Amino acid sequence: MQKDVLKGKKIILGVTGCIAAYKSAYLTRELVRRGAEVKVVMTSAATEFITPLTLSTLSKNEVVVNIFPKSKNESTSLNTWHIDYAVWADLMIIAPATMNTIAKIAHGFADNSLTTLTAALRCPLLIAPAADVDMYENKITQKNLEILKDTGCFIVDAEEGELASGLKGKGRLADNNKIIDAAELILSGFRKDLVGKKILVTAGPTYEDIDPVRFIGNRSSGKMGIEIAKAAFLRGADVTLISGPSKENAYSEINLVNVRSAKEMKSEVERNLKSSDVLIMSAAVADYKPAAFSNKKIKKEDKLTSIRVTQTDDILSSLKKDGKIVVGFALETDNELNNAKKKLSSKNLDMIVLNSLKEKSSGFETDTNKIKIIHRNGKKFDFPLKSKFQTANDILSEILKIFR
Ligand code: CTP
């Protein structure tokens, strides 16, 4: 079984003083559950919102708040802890990061435990800001975030929504799952290498309606395509996701176009491809649809014995590619490699991702996948069993090779 990227990783979680600090308890717990060793450092403002005891209990480690003892008679055993922590860590996450802390880090201040540690850091730094909308959109804050980006910090932007003040707008701390996805991405060595790229992804099954209650569908959960969309977004791409019916959720910043049938998917792909650089067709598009749709529910007494079907249009084969990078998937049960190569050439693709249903823990309704990638030039790469998020990152890295 493949190993969780976070397992055994040493992570410092910096928590600063804003209402979203309560969410750091859940973040700590999830990081620990995924096998990371977590050490928490808090600003004293953060302790107004959540106690060090809570985060110490959840992280199973001492929590640092003060650099200096509170009274002259109190001794501290931590000594050069900020250097020790900075050398120890594989990753530091600051979530939530207030505007104040962001400003301090951007300008090199080292005036509390957290900023002192950050100044000495050797590992990557992931910052998830949170503030009320006007503080967040303040030009100085945005400039400071740009400085941090330019110095190599990985920013997981705040999200839009209802804020603690009751105002609506951008400023909500990013969802913990997104912060953890970004941590996983960074710890796997990926960065924001898709900035400026417009990526169109399709996901899920299509449903071809028979009557108002029944349809022809397939077992695709949409997970692979959604993980590709998420990974591309975190790596900086502008992402549009065209999804057939799926229970899975992408991030709120990803432009989502919901479709039902192969026909709807085809017209949305054609419409959105014009403004995209890359199309990744991971949807399991139905090949057959009922020849006719019955407006009324087909009843038992109709004594139906068969449903006549016709073929849907093949979206990839009928596309005008116009210099776009087009990636297809091949889902096979036998003669896998040959079938995938045939699809690569007959559908005029730049790259094909082969999924074999023979592989255990691979394909439909699973969280993992084991793929082979074949490029137009015949180069073939085999990947081991990984989570679908990691697989998504491998696919994106192969696409980046085509750009170069
Ligand atoms: N595809 C498509 N339009 C269709 C069917 C499939 O664009 N009507 C795309 C899929 O999104 C995938 C690729 O074609 O990227 C291969 O899909 P797959 O189901 O493996 O193959 P098919 O071409 O449908 O052929 P078969 O089912 O006979 O293997």
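Modeller: Among contacts between residues at least 6 apart in sequence, 67% join residues at least 24 apart. Keep in mind that this is a predicted model. The protein has 13 helices and 21 strands, and its C-alpha trace spans about 90 × 50 × 40 Å along the principal axes.

Colleague: How much of the protein is buried?

Modeller: Buried residues make up 51% of the 404 residues.

Colleague: Let's get specific. Why is Asn112 called buried?

Modeller: Its relative accessible area is 17%. Buried means under 20%, so Asn112 gets that label. Asn112 lies in the loop between α4 (99–106) and α5 (113–119), and touches Thr43, Ile67 and Lys104, leaving aside residues up to four places away in sequence.

Colleague: What makes the pairing of Asn112 with Thr115 a polar contact?

Modeller: The side chain of Asn112 reaches the backbone nitrogen of Thr115 at 2.8 Å. The cut-off for a pair of N or O atoms is 3.5 Å, so 2.8 Å qualifies.

Colleague: What makes you say that α4 is mostly covered?

Modeller: Six of its eight residues are buried. They are Met99, Thr101, Ile102, Lys104, Ile105 and Ala106. These buried residues pack against β3 (91–97), α5, β4 (125–129), α6 (133–137) and α7 (139–150). Just after α4, Gly108 takes a positive phi of about 75 degrees.

Colleague: Which residues have a positive phi without being glycine?

Modeller: Lys303 and Asn348 are two examples. Phi of Lys303 is near 50 degrees, and Asn348 has a phi of about 55 degrees. Most residues other than glycine have a negative phi.

Colleague: Why is Lys303 exposed but Asn348 partly exposed?

Modeller: Lys303 has a relative accessible area of 68%. Exposed means over 50%, so Lys303 counts as exposed. Asn348 comes in at 38%, and that value falls between the 20% and 50% cut-offs, so Asn348 is partly exposed. Lys303 is in the loop between β14 (288–290) and β15 (309–311), whereas Asn348 lies in the loop between α12 and β17.

Colleague: And Asp350: why is that residue labelled buried?

Modeller: Asp350 has a relative accessible area of 15%, which is under 20%, so the buried label applies. Asp350 is also found in the loop between α12 (336–346) and β17 (351–356). The side chain of Asp350 reaches the backbone nitrogen of Val326 at 2.8 Å. Asp350 touches several residues beyond four places away in sequence, including Lys324, Leu344, His375, Arg376 and Ile402.

Colleague: Where does Lys370 fall, and why?

Modeller: Lys370 has a relative accessible area of 27%. That sits between 20% and 50%, so Lys370 is partly exposed. You'll find Lys370 in the loop between β18 (368–369) and β19 (371–375). Among the residues Lys370 touches are Leu354, Asn355, Glu359 and Phe383. The C-alpha atoms of Lys370 and Lys296 are separated by 43 Å.

Colleague: How do you know which peptide bond is cis?

Modeller: Look at omega: for the bond joining Ala95 and Pro96, omega is about -5 degrees, and that bond is cis. Pro96 is in strand β3. Most peptide bonds are trans.

Colleague: How do you describe the way α9 and α13 meet?

Modeller: Two packed helices are described by the angle between their axes and the distance between the axes. The axes of α9 (residues 223–234) and α13 (residues 388–403) come within 8 Å and cross at roughly 60 degrees, and the crossing is right-handed. Residues that meet include Met224, Ile228 and Ala231 in α9 and Phe389, Ala392 and Ile395 in α13. The residues of this contact divide into nine nonpolar, two polar and four charged.

Note on methods. Residues numbered from 1 in each chain as written. Predicted model: local features only at pLDDT ≥ 70, side-chain atom pairs only at ≥ 80, totals over all residues. Heavy atoms only, no water. Helix = DSSP H or I, 4+ residues; strand = E, 2+ residues; numbered from the N terminus. Buried < 20%, exposed > 50% of the residue type's maximum accessible area, 1.4 Å probe, protein only. Polar contact = N/O pair within 3.5 Å; in protein donor to acceptor, adjacent residues only side chain to side chain. Contact = heavy atoms within 4.5 Å. Axes fitted to C-alpha atoms, helices over the stretch in contact; angles between N-to-C directions. Left-handed = near helix turned anticlockwise from the far one by under 90°. Nonpolar A, V, L, I, M, F, W, Y, C, P; charged D, E, K, R; others polar.
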